[in-house]
Amino acid sequence: MEGVKTAFYEKHLVFGAKMVPFAGYLMPIQYHSITAEHLHVRQSVGVFDVSHMGEIWVKGDRAIEFVNRMTVNNVSKLQVNQAQYSALLYENGGIVDDLIVYRFPDRILLVVNASNKDKDYTWIEKHAPGDIILDDASDRMSLLAVQGRHAKAVVQKLTTTNLDDIGFYWFRDGLVADARCIISRTGYTGEEGFELYIDNESAEQVWNAVFEAGREFDIQPIGLGARDTLRLEMKYALYGNDIDQNTNPIEAGLGWITKVNKGDFIGRDAILEVKEKGLTRKLIGFEIDGKAIPRHEYKCFQGDSEIGFVTSGCWSPSLDKGIGMAYLETEYTQVGTRFEVDVRGKRIPAFVVETPFYNRPY
């Protein structure tokens, strides 16, 4: 297998991970079963190696102004040590990538998807004025996501930073297991959790400390397979499946991060046009009637009419049913609307539901 090895590669092998090439990296898809790993995060605590994500620093006196023009959310509203979910758009309103924007006292950190980081950097660099300094730190940083109802208890053992002082989508610079770390209260699972940004040199010591601290909760490493089913239960978008250059944030249900009243940004005119003309389709969540599993690009029908297609789907370990997301023509997107999914040539009944599919009980 070819691919970049993260700083945790040998740890994955010790835990018996099934390694696969992903976005140019060798990553653990699973250690045991995806279902068992998924439920362990929901019920206790798990650790994800997400070091394949991209980290781009933006520096300069006009960094906030520049990032505000590049992204759809309002960066000028961010306080120091606050983060926000956002997206980069093309001029036509298509999505370059979704990302998280972190505001530091003197710079901005953009955390982008692994499969898009080179494309994103080129796009950002293309639009950067001469006084903006970009630094791609992706290869220098490791990233661990500690997720689950006991995540805070685990991480708190390793830091003097009071984690109760870090709100959702806020962060702090601090020490974790005596290593410099960005402690971010974010995640992709819908559970309580923290993402720890670490220099590669300190990665192994933080990994070891996290697993020692989590021993009382039977902490487990979790692969990318369960990460996908966890995010789908929350209807979190996955770039390349649910959003891409051919989708706009309004039809993708991301109007809440698209602040057209903040001033100009790349893609704004296209978004205003979408809002004026109205949508022809929307991204919805649905459940399957029966035992079938919907998959990416399966077609959706109502009667003889093809009305859309599945973007993501799985058997939900938490709900014990088939769930998915799909772009459907707008007239079929009301909650309760019934339709059919073509699963390998067989029409399977499905219906539109409210999302997220899963709501944590604590």
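In strand β18, I284 has A326 as its bridge partner. That contact belongs to an antiparallel pairing of β15 (residues 281-288) with β18 (residues 321-329), built on seven bridges. This is a predicted model, so to speak: local features need pLDDT of at least 70, side-chain atom pairs count only at pLDDT 80 or more, and totals for chains, interfaces and linings use all residues. Residues are numbered from 1 along each chain as its sequence is written, and side-chain values use heavy atoms, leaving out hydrogens and water.

**Around β15**
- β15 also runs antiparallel to β20 (residues 346-353), with four bridges between them (strands are DSSP E runs of at least two residues, numbered from the N terminus; a pairing takes at least two DSSP bridges).
- G285 finds its β20 bridge partner in V353.
- Seven of the eight β15 residues are buried, so the rest of the structure largely encloses this strand (buried is under 20% relative accessible area, exposed over 50%, with a 1.4 Å probe and protein chains only).

**Aromatic pairs**
- There are 15 aromatic pairs in the structure (Phe, Tyr or six-membered Trp rings with centres within 6.5 Å; planes over 60 degrees apart make edge-to-face).
- W57 and F104 are edge-to-face, with centres 5.0 Å apart and planes at 65°.
- That pair spans 47 residues, from W57 in β5 to F104 in the β7–β8 loop.
- W57 is buried at 7%, and F104 is buried at 3%.

**Charges over rings**
- R281 puts its charged end over the Y327 ring, 4.3 Å from the centre (Lys NZ or Arg CZ within 6 Å of the ring centre and within 35 degrees of the normal).
- R347 does likewise over F301, at 3.7 Å.

Key:
Rings of Phe, Tyr and Trp (its six-membered ring) pair if their centres lie within 6.5 Å; planes under 30 degrees apart count as stacked, over 60 as edge-to-face and the rest as tilted.
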